[in-house]
Amino acid sequence: CRKRKSVRGCVVGPDLSVLHLVMVKKGDQEIPGLTDDQRPRRLGPKRASHIRKLFALEKKDDVRKFVVRREVGKTTKAPKIQRLVTPAMLQRKRYYKS
């Protein structure tokens, strides 16, 4: 198990190799390499409801057209959408209930 290294409320020693920090307040000047550039999120949402929330879609809109794809070499990759309501899933649900 990895030991958590916290800053608030304890002494940070020179023996620690990594600190996990969160920026709470931004000052007047930019910090080069940290706050001066905007980097996009590498991966998009995987769950159907989270994709709907991100793109402000309605229930009837097709979520599969709005999946965030990423380029890997010559092809593009997309995550398998979880909790997607499909005709096969509804048919299975009806079969289980009967």
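This briefing covers confidence, aromatic pairs, the nonpolar core and salt bridges. The model is predicted: local features need pLDDT of at least 70, side-chain atom pairs count only at pLDDT 80 or more, and totals for chains, interfaces and linings use all residues. Residues are numbered from 1 along each chain as its sequence is written, and side-chain values use heavy atoms, with hydrogens and water left out.

**Confidence**
- Confidence is highest in helix α2 (residues 87–97), at a mean of 96, and lowest in β1, at 90.
- Helices (H or I, at least four residues) and strands (E, at least two) are DSSP runs, numbered from the N terminus.

**Aromatic pairs**
- Rings of Phe, Tyr and Trp (its six-membered ring) pair if their centres lie within 6.5 Å; planes under 30 degrees apart count as stacked, over 60 as edge-to-face and the rest as tilted.
- The count by this rule is two aromatic pairs.
- F55 and F66 make a tilted pair, 5.6 Å centre to centre with 40° between the planes.
- This pair links distant parts of the chain: F55 sits in helix α1 (residues 48–55) and F66 in the loop between α1 and β1 (70–72), 11 residues apart.
- F55 is partly exposed at 36% relative accessible area, and F66 is partly exposed at 32%.
- Buried means under 20% relative accessible area, exposed over 50%, and partly exposed in between (1.4 Å probe, protein chains only).
- Y95 and Y96 have ring centres 6.3 Å apart and planes at 55°, so this pair is tilted.
- Y95 counts as exposed at 62% relative accessibility, and Y96 counts as exposed at 62%.

**Nonpolar core**
- A nonpolar core is a set of buried Ala, Val, Leu, Ile, Met, Phe, Trp, Tyr and Cys residues joined through side-chain atoms within 4.5 Å.
- The largest one has six residues: A48, I51, V63, V67, I81 and L84.
- V67 contacts (heavy atoms within 4.5 Å) I51, A78, P79 and I81, not counting residues up to four places away in sequence.

**Salt bridges**
- A salt bridge is a side-chain nitrogen of Lys or Arg within 4 Å of a carboxyl oxygen of Asp or Glu.
- The count by this rule is three.
- K26 meets E30 at 3.2 Å, N to O; E30 is partly exposed at 41%.
- K60 pairs with E58, closest N and O atoms 3.2 Å apart; K60 is exposed at 71%, while E58 is partly exposed at 47%.
- R64 pairs with D62, closest N and O atoms 3.2 Å apart; R64 counts as exposed at 53%, while D62 is partly exposed at 28%.

Conventions:
pLDDT is the predictor's confidence in each residue, from 0 to 100.
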